[in-house]
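I opened my notebook to get to know this structure. My notes follow in the order I looked things up.

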Amino acid sequence: AVALRAVRARASSDCSGGETLLSAPAHFGVGGLDIVSEGESSLSYADNENHCWRIEPAAGGATALTVLFDLFQTEASHDFVTVYDAATADDAEPAVLWRQSGELVTPYVAHFASVGAVVVQFDADATYRHSAETMQLGFNATWFDASDGSCANACSGHGSCASGVCDCDDDYGPDTTGDCSVATPLMVNNEANSVTIRALEV
């Protein structure tokens, strides 16, 4: 059964909807994509949506966790997904492990070493700005216990795994934040916390 527990998962405000405990590997997220015969139609999330998920293996004792995003697009600089160390969730200023808004090239791997549980918070502001660079599509993710050093999708057979992070073969990527399932065009870091795609010249 899914347990709901009240938690303060950010320094500035509580999670209004409580916390959903994911005690076994599970899918979670908001919004998403609905594939229809005419193409892709967006199922966006609402303004002011706020959700929290506590990710913790049921057996306990985890020493690393991995979250794999297969979709990520929120209103850039306004609607955020934030990951906190669950051990600090009740602190006045919880420890932020990862924070992102906008669009990520997926699949995107967020690996958290030296933690046994995390709290993931999604927080949307009150308004969508039509001038925004990205849409309110949301995110889809799964997670797994990476204490044994395993990597997402075993690096898809196109790279080597070291302590939960993929080192991809030359023709696949992205390294460190991917599962080596994407062939060239190459993914190149463009700026902090942002990725762009550059086509290979042939």
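Which residues gather in a patch of negative charge on the surface? I found Asp167, Asp169, Asp170, Asp171 and Asp175 there. I keep in mind that this is a predicted model.

**Asp170**

I picked one member of that patch, Asp170. I traced Asp170 to the loop that links strand S13 (165-168) and strand S14 (172-173). Is Asp170 buried or exposed? Its relative accessible area is 72%. Exposed means over 50%, so Asp170 counts as exposed.

**Glu133**

Next I looked up another acidic residue, Glu133. Where does Glu133 sit? I located Glu133 in the loop between strand S10 (118-123) and strand S11 (138-145). Its relative accessibility is 78%, so I noted Glu133 as exposed. I then checked Glu133 against Ser77. The two are 56 residues apart in sequence. In space, I read 9.6 Å from C-alpha to C-alpha.

**The whole chain**

Then I turned to the protein chain as a whole. How many helices and strands does the protein chain have? I counted zero helices and 17 strands. The chain has 202 residues, and 41% of them count as buried. I also looked at contacts between residues at least 6 apart in sequence. Of these, 68% join residues at least 24 apart.

Key. Residues are numbered from 1 along each chain as its sequence is written. This is a predicted model: local features need pLDDT of at least 70, side-chain atom pairs count only at pLDDT 80 or more; totals for chains, interfaces and linings use all residues. Side-chain values use heavy atoms; hydrogens and water are left out. Patches are made of residues with over 30% relative accessible area and no salt bridge: like charges are joined within 9 Å, nonpolar side chains (Val, Leu, Ile, Met, Phe, Trp, Tyr) within 5 Å. Accessible areas come from the Shrake-Rupley method with a 1.4 Å probe; for residues, only the protein chains shown count as cover. A salt bridge is a side-chain nitrogen of Lys or Arg within 4 Å of a carboxyl oxygen of Asp or Glu. The place of a charge is taken as NZ of Lys, CZ of Arg, CG of Asp or CD of Glu. Helices (H or I, at least four residues) and strands (E, at least two) are DSSP runs, numbered from the N terminus. Buried means under 20% relative accessible area, exposed over 50%, partly exposed in between (1.4 Å probe, protein chains only). Contact means heavy atoms within 4.5 Å.
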